[in-house]
Amino acid sequence: MLGRQPAIGIAELEMVFGGNNVKVISSQFAVVDCDFFDVQKFGGVPKAGKIIAELPSNNWFQISQKIVKHYTDQWSTFDGKITLGISAYGPNVNAREVQKTGIILKQKLKKTGVSLRLIPNTEPALSSATSHHNKLGLSQNKVEIIVAVASNGKTIIAESTGSQNITAYANRDQERPKRDAFVGMLPPKLAQIMLNLAVGGYSKISSKTPCSSEQPLVVLDPFCGTGVILQEALLMGYSAYGSDLSEKMIRYSRDNLNWLADKYHAQFDWYLHEDDALNAKWRQPIDVIVSETYLGQPFSAPPSPAKLVEVRDNCNHIITEFLKNLGSQITPGTPLCIAVPAWRDKTGQFTHLPLIATIARLGYKPHEFTNISQNDLLYYRADQIVARELLVLTRM
Ligand SMILES: C[S@@+](CC[C@H](N)C(=O)[O-])C[C@H]1O[C@@H](n2cnc3c(N)ncnc32)[C@H](O)[C@@H]1O
């Protein structure tokens, strides 16, 4: 299942599994051809499931019959109590009808002596929070059935293998000792997405495996701020290297990473120093660059046209000079994912950084996605003026 901004989830899946192994079946779902899928590793995927059946139509009566038949067969000799949730996305059905399917199944199983607790549906689909709190998909007796209607009218029935751990994300965001509202902290989920967008590119071009324990991949964030990307990189098993112009931010990152090591009782490998990304000389090796660069000042209302040009040109200058400096220190093929600012006006139109259109002149090649366009990778909330535009690049 894809998140609030589906293109970003699709991009993440494509980078990790390859464009040809990801089939987008609707605006909400993609099918991935893989042996194993850990939903906790994907910031852009709120729920995941293993396909158990495909039906030629989206008729709820047929879907419901299929679910009841499949699970009465499967659970008729089950030892213990089952917790079940049903989530329907797309079929023309209301919460009561979805619930009814669960009740029919419960009654059938009762006859064979199997007890089932049904999670009430207030909507046709359970929220990821409900799925997570009930631990659905995490053990054999806690099951969520996901019904997804594809754009072509066919239906996929899948059994959840888990939902995003929203509690862990919130803790990693809010419990950190050092936060800075002005710098604007990146949500850990987005940091995870950006890491996947970059490291996915790395594993395709290199024989070095991203998580090999002897020699972990070095992820550089030259605008590290309070260290959210470094934190998520460490949790994914990489070595984290951060620099920032501000001495205060380096202290903040250090405090936050020490807190992380305590919290996870882990020995993490990180390196930090104060430096201007426009002329820093970074320590080698650098395997991957993941960074939320300078986004300019925050705005609570759209700026005047003159102000917008001023801020855009300033950011464009800083990020251009950063990319030039970086380019001279990384080897061809090095993958990057950087977040740069784009400004949203009242009509929903974006002003982009001019450097994006001529990025090849700076020596970087944008990744070509199979199912989406690089221009779709804009991350923002409804009330935000400054969006983060994700650039997935390779040093040429
Ligand atoms: C948008 S914030 C990054 C926030 C970060 N992702 C976090 O998790 O807190 C941008 C950061 O870039 C830093 N910065 C601005 N200009 C810089 C420059 N020329 N070189 C290095 N860092 C710079 C700022 O100090 C700030 O911490």
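The charged end of R4 sits over the ring of Y379, 5.4 Å from the ring centre, and the charged end of R395 is placed likewise over the ring of Y364, at 5.6 Å from its centre. A charge is said to sit over a ring if NZ of Lys or CZ of Arg is within 6 Å of the ring centre and within 35 degrees of the ring normal. This is a predicted model, in which local features need pLDDT of at least 70 and side-chain atom pairs count only at pLDDT 80 or more, while totals for chains, interfaces and linings use all residues. Residues are numbered from 1 along each chain as its sequence is written, and side-chain values use heavy atoms, with hydrogens and water left out.

**Aromatic pairs**

- The structure holds nine aromatic pairs, a pair being two rings of Phe, Tyr or Trp (its six-membered ring) with centres within 6.5 Å, called stacked if the planes are under 30 degrees apart, edge-to-face if over 60 and tilted for the rest.
- One of these pairs is formed by Y71 and W75, which is tilted, with 4.6 Å from centre to centre and 45° between the planes.
- Because Y71 and W75 are four residues apart in helix α2 (residues 60-75), about one helical turn separates them; here helices (H or I, at least four residues) and strands (E, at least two) are DSSP runs, numbered from the N terminus.
- An α-helix has 3.6 residues a turn, so residues three or four places apart point the same way.
- Both Y71 and W75 are buried, where buried means under 20% relative accessible area, exposed means over 50% and partly exposed lies in between (1.4 Å probe, protein chains only).
- The pair of Y241 and Y271 is also tilted, because the ring centres are 5.2 Å apart and the planes stand at 55°.
- Y241 lies in strand β9 (residues 239-244) and Y271 in strand β10 (residues 270-274), so this pair ties together parts that are 30 residues apart in sequence.
- Y241 is buried, with a relative accessible area of 2%, whereas Y271 counts as partly exposed at 30% relative accessibility.
- F17, F37 and F42 form one aromatic cluster.

**Helix α1**

- Helix α1 (residues 6-17) has 12 residues and should span 16 Å at 1.5 Å a residue, which agrees with its end C-alpha atoms being 16 Å apart; the expected span is 1.5 Å times one less than the number of residues.
- α1 is mostly covered, since 10 of its 12 residues are buried, among them I8, I10, L13, M15 and F17.
- Just after α1, G18 takes a positive phi of about 95°.

**Helix packing**

- Two packed helices are described by the angle between their axes and the distance between the axes.
- The axes of α2 and helix α3 (residues 95-111) come within 10 Å and cross at roughly 30°, the axes being lines fitted to C-alpha atoms, for helices over the stretch in contact, with angles from 0 to 180 degrees between N-to-C directions.
- That makes α2 roughly parallel to α3, as angles under 35 degrees count as roughly parallel, over 145 as roughly antiparallel, 65 to 115 as roughly perpendicular and the rest as oblique.
- The crossing of α2 and α3 is right-handed, a term used if the near helix is turned clockwise from the far one by less than a right angle, and left-handed if anticlockwise.
- Helix α7 (residues 228-235) and α8 pack at an angle of about 30° with their axes 10 Å apart, and are therefore roughly parallel to each other; their crossing is right-handed.

**Backbone features in loops**

- A cis peptide bond, with omega of about 0°, joins Q284 and P285, and P285 is found in the loop between β10 and β11 (288-292).
- K135, although not a glycine, has a positive phi of about 55° and is placed in the loop between α4 (128-133) and β6 (142-149).
- H265 is another residue other than glycine with a positive phi, near 45°; H265 lies in the loop between α8 (247-264) and β10 and counts as exposed at 75% relative accessibility.

**Distances along and across the chain**

- V199, in helix α6 (residues 188-205), is buried, with a relative accessible area of 3%, and its C-alpha atom is separated by 29 Å from that of Q297, 98 residues apart along the chain.
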